Amino acid sequence: CVVTVFRWIVMATEPSLPVHFLLQSLHGITYALGFLACVSYIGHNTPAGNEAEAQSLFMTMQLISAIAVITIFGGLMEAYGAKAFWGSAAIALLGVGCVVAGYKSKPHSLP
């Protein structure tokens with residue numbers, strides 16, 4: 001989560017093309033790890049027999065939110081340019097808070 005916040009902050013500074021390429025590569029890694037973490041969390045915290053349905057619901061919710069975010073972010077990019085990534089950094093920071101709160105609510109699940 002912290003790497004994602006860092007990546008969005010650097011994107012907001014309008015980095016050079018090589019740095020931009022590295023940051024986009026990093027996005028592929030952080031997105032994949034986040035997806036695996038969510039699917040694993042659902043698998044471990046859902047009653048037996050409901051895991052596939054819960055993971056399917058997660059994917060549906062993720063796709064719906066992606067459509068909304070892309071639509072909104074397109075307008076923000078048009079209005080603010082690269083500074084719109086500060087909003088992405090703020091949302092990612094909220095994600096850090098959600099993960100920390102999730103770990104605190106279930107202390108025995110800490111790695």
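1. Among contacts in the protein chain between residues at least 6 apart in sequence, what percentage join residues at least 24 apart? The figure is 48%, where a contact means heavy atoms within 4.5 Å.

2. This is a predicted model, in which local features need pLDDT of at least 70 and side-chain atom pairs count only at pLDDT 80 or more, while totals for chains, interfaces and linings use all residues. Residues are numbered from 1 along each chain as its sequence is written, and side-chain values use heavy atoms, with hydrogens and water left out.

3. The protein chain has four helices and zero strands, in the order α-α-α-α from the N terminus. Helices (H or I, at least four residues) and strands (E, at least two) are DSSP runs, numbered from the N terminus. Along the principal axes, the C-alpha atoms fill a box of roughly 45 × 30 × 25 Å.

4. Of the 111 residues in the protein chain, 19% are buried. Buried means under 20% relative accessible area, exposed over 50%, and partly exposed in between (1.4 Å probe, protein chains only).

5. The protein chain exposes about 7900 Å², with carbon and sulfur atoms supplying 75% of it. Accessible areas come from the Shrake-Rupley method with a 1.4 Å probe; for residues, only the protein chains shown count as cover.

6. L36 lies in helix α2, which covers residues 17-45. L36 counts as exposed because its relative accessible area is 53%, and the cut-off for exposed is over 50%.
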